[in-house]
Amino acid sequence: MDPLAPLNFYDFLDRMRHPSAVDLVRSIKSFIVSFSFHAYDAERDSKKLQDFLVSMESIFRDHPLWAGATEEEIDNAVEGLEKYLMAKLFNRVFALVPEDSKRDMEIMEKIQLLQSFIKPEHLDIPKYFQNEASWLLAEKELQKINAFKSPREKLLCIFSCCRVINNLLLNVSMASNHKPAGADDFLPVLIYANPPQLHSNLKYIQLYRRQSRLVSEAAYYFTNLVSVGAFIIELNAQSLSMDENEFERCMQAARSSIAKQPPQSATIKRGTFQPNELDPVIGQQIFEGKVHDEAYPFMDAEVGDLKVDEVELLLRLYKDVVVKYSRLRDAVKSLSLDKALTLVAMDERSQLTSKPEETSRPR
């Protein structure tokens, strides 16, 4: 069974609204409450979620709502449950440990330094594999990862990014009679995508994605991205086929350039806002009515507070908001599953948050 097959989340919600699902709703609500009651412990929380998903899969199989259901329908129910649970528990488990945030910063800052001087040749990427359009497409796919709370959908972002890269390498190899791309070609190309909170996202997927579905091609791509994170941190002059003195000069020049940026750039360096890029995290916060002060530093500013050298950043922020609003408007109109999940999670009148006692009242 394809671990990344299309998910019909609406089917899961519809079944949960059925009167006979009252026992399932109680179990789900009870799990969320009990999960949130204890202090954060990554390994324990992961095991608790995995065990609950396994037990609920068994319950689904024996439940009248899934009488005669196919394996795909059972799998869809468990996938829907994972998505719903992690939407509720996301803020409780994602990037809470200071060590994880520190690792995210190390990777992001290392990439920012490298991107100021690194070239494909430094990563031993042959010219016939250098396709900027495909790399940009792969980068955009990976940068969507923070727009989602579901481990499955975060993994799908990785899958889509890696598929673009893999197809590029395979097609070029076939067209030019070069040998097919291997891991040595695959990993350096992937470095060009600078995903936000890489370490935290990978840890989140590893802990909270259904273990029975973190397999096959998806698992292969996931493992490659884990390797990329380790490769970036350890990357040095030898890794780039550069002279060590030249490498140190380039790194120092990059550090000096970043240090000379305006104070607001500290926010940019943390990844909360990147000029000319769309930050899906901020888009999610806007959708939920939460505006991050560090992401938009002028929210409380008055006209007299603005300085001439802040106009450029303010204009970029304005363009960023307009583009996000336009995309959000189009997304809401299309009623995508991802926005539907957010709406369901926010809607206090949702059937999943209604009082089960009313449904189970004796006739």
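This is a predicted model: local features need pLDDT of at least 70, side-chain atom pairs count only at pLDDT 80 or more; totals for chains, interfaces and linings use all residues.
Which residues of α5 are buried?

**Stop 1: helix α5.** Select residues 98–114, the 17 residues of α5. From the first C-alpha to the last, the helix reaches 24 Å, close to the 24 Å expected at 1.5 Å a residue. Now pick out its buried residues: Asp100, Asp104, Ile107, Met108, Lys110, Ile111, Leu113 and Leu114.

**Stop 2: the largest nonpolar core.** Next, select Phe12, Met16, Ile28, Phe60, Trp66, Leu81 and Leu85. Of the 33 residues in the largest nonpolar core, these touch the most other members. To see where the core comes from, colour α1 (9–16), α2 (22–37), α3 (42–62), α4 (71–93) and α9 (198–208), the elements that each give two or more residues to it. Helix α4 supplies the largest share, ten residues.

**Stop 3: Leu81.** Stay in the core and centre the view on Leu81. Leaving aside neighbours within four places in sequence, Leu81 is in contact with Phe12, Ile28, Phe52, Leu53, Met56 and Phe60.

**Stop 4: the second core.** Then select Leu155, Cys162, Leu169 and Ile232. They are among the 25 residues of a second, separate core.

**Stop 5: a surface patch.** Finally, show Leu315, Tyr318 and Val322. These residues form a nonpolar patch on the surface, and together they have about 290 Å² of accessible area. Tyr318 is found in helix α14, residues 311–334. Is Tyr318 buried or exposed? Tyr318 counts as exposed because its relative accessibility is 55%, and the cut-off for exposed is over 50%.

Conventions: Residues are numbered from 1 along each chain as its sequence is written. Side-chain values use heavy atoms; hydrogens and water are left out. A nonpolar core is a set of buried Ala, Val, Leu, Ile, Met, Phe, Trp, Tyr and Cys residues joined through side-chain atoms within 4.5 Å. Buried means under 20% relative accessible area, exposed over 50%, partly exposed in between (1.4 Å probe, protein chains only). Helices (H or I, at least four residues) and strands (E, at least two) are DSSP runs, numbered from the N terminus. Contact means heavy atoms within 4.5 Å. The expected span of a helix is 1.5 Å times one less than its number of residues. Patches are made of residues with over 30% relative accessible area and no salt bridge: like charges are joined within 9 Å, nonpolar side chains (Val, Leu, Ile, Met, Phe, Trp, Tyr) within 5 Å. Accessible areas come from the Shrake-Rupley method with a 1.4 Å probe; for residues, only the protein chains shown count as cover. A salt bridge is a side-chain nitrogen of Lys or Arg within 4 Å of a carboxyl oxygen of Asp or Glu.
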